[in-house]
Amino acid sequence: MDALYRLEADKLDIFLQSLGPDIYAPVKTDAIRFQKISSVKEADLTALADVPVKDFFFRQREQLFKFTKGKIATEIKDAPFRIFFGLRRCDLNAVKHQDFIFIEKYKDPYYTAQRKNTLLFGYHCDEALNKYCFCGSMGLEEYHDIMFFDKKKYFLLNPGSKVGQKIVSEAKLKRAGTLKKKDTIPKGTDRLEKKDISKLFENSLWEKGADECLSCSACTSLCPTCYCHEVKDDVKLSDLKSGERTREWSSCQLKSFTRVAGEHVFREKRVDRFKHRIYHQLVYFKERYGVNMCVGCGRCITHCPTTIDFVSLINKMK
Amino acid sequence: MKADYLPQSVKVLQKRDESADTFTLRLGMKVDHDPGQFIQVSIPGIGEAPISISSYSKDYLEISIRKVGNVTNALHGVKKGSSLFVRGPYGRGYQMSKLKGKGIVFIGGGCGVAPLKGAIEYVEKNRKDFKEIDLFLGFRSPGDILFTSRHKDWENHFNVHMSVDQIPSKTCYSGNVGFITDTLNKTPIQAKGTVAFICGPPIMMTKSIQLLAAKGFKDTQIYVSEEKLMYCAFGLCCHCMDKGNLTCLDGPVFRYDEIVRSRDGKA
Ligand code: SF4
Ligand code: SF4
């Protein structure tokens, strides 16, 4: 799937609108986040979205089942047909990793219901969007229904799936050359110099990073790949026998993440929690599943209140 | 593995108080399992908790619970004949058939004796498959001693060493006083052809591992049962992750060499 097709810039809106009513794109509000748009003019494509699309599929709070008087019942409804436009390469791969863990590995019915009627339209980065990007070091792959290459007056579209191919064909777009592998990787994004950090676990520089950490958990909530969660019961105060069991995002940066009876916290030291996130992202997930978890989007650095750049920290380790 | 958070309703066949804060529920569940595995037990509205299986039987499944939190306190209120929500069994327990022909040293502290009890019952039912069996059981005080109704049987089949850390004043007690690890230290044990199962408070486990090492036990002869916060029990929520190990899938029973990998500076 390396064919390219040409779409004139002034036809983008009509092209998207013709596909359905639910088009989502990054929009600048309090932050750049994905929202439903009625015209592509509303989209902000100047920077990486602050909030990734994760919440649409692996929702921050998901009802697992309802219970009433000793009976339990699930209510899983498929999300409507939606198109997400403006996803960067890192975020497309983040969806790939979440699809892998939730759909392929775990056949999670909740995630699947939110994700299955979705099309992913990428927006290619020619170069790093900011100085913290490192997607080029993470071995990312193509994972889109259609990728859009912005050539100002026109777009080059690369269909990456059967549905994507069908859309492009039905829109009768003209062939415009072939995509080369080297043009898929944004320039200046390979700043993580080490491929394997598993032997650096006892390196003293981790303390330096952890010293700046406030355990605020911004990094985990804004990470497009983090999938840790807790399970809770909520009851109505009016009727303590009815309620719902939910799963909610949780953060390994908090002590409560490992707290057991007797107030014993397994990762009591901040440096252990700080390292755990990075090792899960860069080592543990890969050891178990053979693929990386982190996609190098850099959000956990740009949105960290003290901008702890763990990539340059790792680069300095000997 | 499938993400399945839905529990089944099971009947409580029996309820026994073991001590002031610990009790046993016998559940009407006939499932194949290994000793040392655990189930997720819940009361809708209160929550769910992982609890290790403390029996070994084809006809029922027992869990022994210490009242330490919301869910375990609420479970104490459950009556014989009522229902509970359960899913599982989960995890890797003691793979007993692979240990045929060996001697076993059981070292349990407090409610850590509960997961060991399943393995002890397995050995009782398959006594000929194992050599020398030693039980080292330590409790805080005489009132905290668990499974007293089973002790006679155990003494008939095994070498039982028991002690309590302390005796409160005005208590009548004629057994050993002191840490169970002191008893372990003083008792001669043949490391060759023997494995050790340890479960208890972190300090007791660390101390026992040191003592066993001094007696010639290798890391590969020691099995520890880990307690971690966990929610899903099938490896998705990641709360129980220790280094790269998922306690719910790779454990809760680990051979000690599997969890000491940070020793050489490796994650
Ligand atoms: S760990 Fe950081 S850089 Fe990696 S995917 Fe998560 S937010 Fe992005
Ligand atoms: S965002 Fe930064 S300060 Fe907050 S928990 Fe993560 S690393 Fe620590």
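Trp249(A) is buried, with a relative accessible area of 19%; buried means under 20% relative accessible area, exposed over 50% and partly exposed in between, with a 1.4 Å probe and protein chains only.

First, the conventions. This is a predicted model, in which local features need pLDDT of at least 70 and side-chain atom pairs count only at pLDDT 80 or more, while totals for chains, interfaces and linings use all residues. Residues are numbered from 1 along each chain as its sequence is written, chains are lettered from A and ligands numbered from 1 in the order in which they are written, and side-chain values use heavy atoms, with hydrogens and water left out.

On confidence: pLDDT is the predictor's confidence in each residue, from 0 to 100. Chain B averages 93, and 97% of the residues there score at least 70. For the complex, the predictor gives an ipTM of 0.93 and a pTM of 0.93.

Back to the aromatic residues. Rings of Phe, Tyr and Trp (its six-membered ring) pair if their centres lie within 6.5 Å; planes under 30 degrees apart count as stacked, over 60 as edge-to-face and the rest as tilted. Over all chains, the search finds 33 aromatic pairs. In one of them, the rings of Phe58(A) and Trp249(A) have centres 6.1 Å apart and planes at 40°, so this pair is tilted. Phe58(A) sits in the loop between helix H2 (54-57) and strand E4 (61-68) of chain A, and Trp249(A) in strand E12 (residues 239-249) of chain A, so the pair ties together parts that are 191 residues apart in sequence. Helices (H or I, at least four residues) and strands (E, at least two) are DSSP runs, numbered from the N terminus. Phe58(A) is buried, at a relative accessible area of 1%.

Trp249(A) also has Lys54(A) over its face, at 4.4 Å from the ring centre. The criterion is NZ of Lys or CZ of Arg within 6 Å of the ring centre and within 35 degrees of the ring normal. In chain B, Arg26(B) lies over the face of Tyr60(B), at 3.7 Å from the ring centre.

Next, the nonpolar cores, meaning sets of buried Ala, Val, Leu, Ile, Met, Phe, Trp, Tyr and Cys residues joined through side-chain atoms within 4.5 Å. The largest has 90 residues, and those with the most contacts inside it include Ile197(A), Trp206(A), Tyr5(B) and Leu236(B). Helix H8 (residues 270-289) of chain A gives the most to this core, with nine residues. Apart from it lies another core, of 30 residues, Tyr94(B) and Phe158(B) among them.

Now helix H5 (residues 162-170) of chain A. Which of its residues are buried? Gly164(A), Ile167(A) and Val168(A) are. They cover an arc of only 95° around the axis, which puts them on the same side of H5(A); the arc is that of the directions from the helix axis to the C-beta atoms. The face turned away from that side carries the exposed residues Lys162(A), Lys166(A) and Glu170(A). After H5(A) comes Lys172(A), with a positive phi near 55°.

Last, Gln37(B), in the loop between strand E2 (22-27) and strand E3 (38-43) of chain B. At 11% relative accessibility, Gln37(B) counts as buried. Leaving aside neighbours within four places in sequence, its contacts (heavy atoms within 4.5 Å) include Ser52(B), Pro89(B) and Arg92(B). Gln37(B) and Ser52(B) are 15 residues apart in sequence and 5.9 Å apart in space, C-alpha to C-alpha.
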